[in-house]
Amino acid sequence: MKESVQTGRRSLKDLASTINIVGPIERSSRLDRPIRGLAKAVRRRIGPGRLRDLLHGVPTGKPLHPPLATFVVGAWAATSVIDLTGTGSRAARTVLTAGLGAALPTVAAGVTDWSVIHREQQRVGFVHAVTNLTAFGLYAASLALRVGGRERAGRMVGYAGLGAASLGGFLGGHLAYRQAVGANHADSVTHLVPLGWYDLCSLNDLPDGRPVARRLGYIDLFVLRVDGEVTVLADHCSHLAGPLHQGRLVAEGGAACVVCPWHGSTFRLSDGAVVHGPGTAPQPSFETRIRRDGVIQVRPAQN
């Protein structure tokens with residue numbers, strides 16, 4: 001009995017080590033040179049502006065790539081279900097074609113996001129992209145075979161495409177849920193700072209016209225004094241937690257903004273709204289008031 005338990009434990013460990021294929025990818029620097037070149041080329045090709053903001057998902061406040069990818073993989077999986085059940089070659093071709101068509105904007109959005117993330121994330125994302133491009137090629141070949149009348153061969157190639165897409169989806173899940181690409185990295189003010197006014201610091205302790213970091217309980221704050229007015233935002237950028245107090249102050253559309261020093265996300269100072277990506281979640285903002293003794297008080301803004 002004891003030997004059986006030990007054997008079972010070894011089997012589970014072997015299975016876990018087999019599944020954990022992502023760790024070595026994160027740590028490997030072999031592909032860093034082409035990754036740097038490709039990321040730079042993408043950023044140069046898709047420069048700051050409306051197109052890049054659209055591909056990041058700024059207009060909707062959510063990353064664009066995940067829902068598009070869900071549709072594509074769903075369409076391709078549905079193709080395999082139709083093939084397995086034999087419910088209609090025409091339906092299979094239609095769904096497969098829909099997935100291929102949606103793959104193009106999906107790739108554009110994914111590559112745009114990938115070009116402005118950390119290196120460990122880019123390594124996994126690079127392999128994720130290769131597997132998904134492989135899946136795209138296999139499904140394109142599957143469609144060509146089906147149109148040419150070779151249904152059985154088309155189905156077999158489609159199954160291979162589903163395998164590649166499944167691996168790509170596994171890596172995509174690691175990017176989203178383990179490496180938190182696309183997640184909101186700003187501090188959760190709602191949970192960490194209950195409603196009410198809190199003393200922050202003295203107005204005289206703040207430099208004029210230069211943002212600084214100040215601590216409130218568990219979170220870091222971006223604090224900017226301009227004459228007698230004080231602006232306060234959560235300091236950790238919602239994109240990948242960059243320090244906003246080290247960013248540049250700019251004007252966008254007549255509004256004062258701060259640009260994250262890490263990847264260029266731009267937030268409006270008045271309310272933390274996203275002006276430019278890659279960040280899509282707004283920056284938590286705070287209301288401020290100054291007591292008669294010069295102490296600044298803050299509370300979470302009710303946006």
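## The Rieske domain

In this predicted model, residues 198-297 correspond to the feature "domain: Rieske", which is taken from an unreviewed UniProt entry.

## The largest nonpolar core

The largest nonpolar core is made up of 16 residues, and those with the most contacts inside it are Leu-200, Leu-216, Leu-221, Val-223, Val-232 and Phe-286. At least two residues of this core come from each of the strands β1 (198-202), β2 (212-216), β3 (219-226), β4 (229-234) and β10 (295-300). Among these elements, β3 gives the most to the core, with three residues.

Leu-221, one of the residues with the most contacts inside the core, shows which parts of the chain come together around it: apart from its neighbours within four places in sequence, Leu-221 is in contact with Leu-200, with Val-212, Ala-213, Arg-214 and Leu-216, with Val-232, Leu-233, Ala-234 and Asp-235, and with Phe-286.

## The aromatic pair

A search of the whole structure finds one aromatic pair, which is formed by Trp-76 and Tyr-139. Their rings are stacked, with 4.5 Å from centre to centre and 20 degrees between the planes, an angle that falls under the 30 degrees taken as the limit for stacking. Trp-76 and Tyr-139 are both buried.

Because Trp-76 lies in helix α5 (residues 65-85) and Tyr-139 in helix α7 (residues 119-147), the pair ties together parts that are 63 residues apart in sequence.

Note on methods:
Residues numbered from 1 in each chain as written. Predicted model: local features only at pLDDT ≥ 70, side-chain atom pairs only at ≥ 80, totals over all residues. Heavy atoms only, no water. UniProt positions renumbered as here; feature names shortened; annotations may be inferred. Core = buried A, V, L, I, M, F, W, Y, C linked by side-chain atoms within 4.5 Å. Buried < 20%, exposed > 50% of the residue type's maximum accessible area, 1.4 Å probe, protein only. Helix = DSSP H or I, 4+ residues; strand = E, 2+ residues; numbered from the N terminus. Contact = heavy atoms within 4.5 Å. Phe/Tyr/Trp six-rings, centres within 6.5 Å; stacked < 30°, edge-to-face > 60°.
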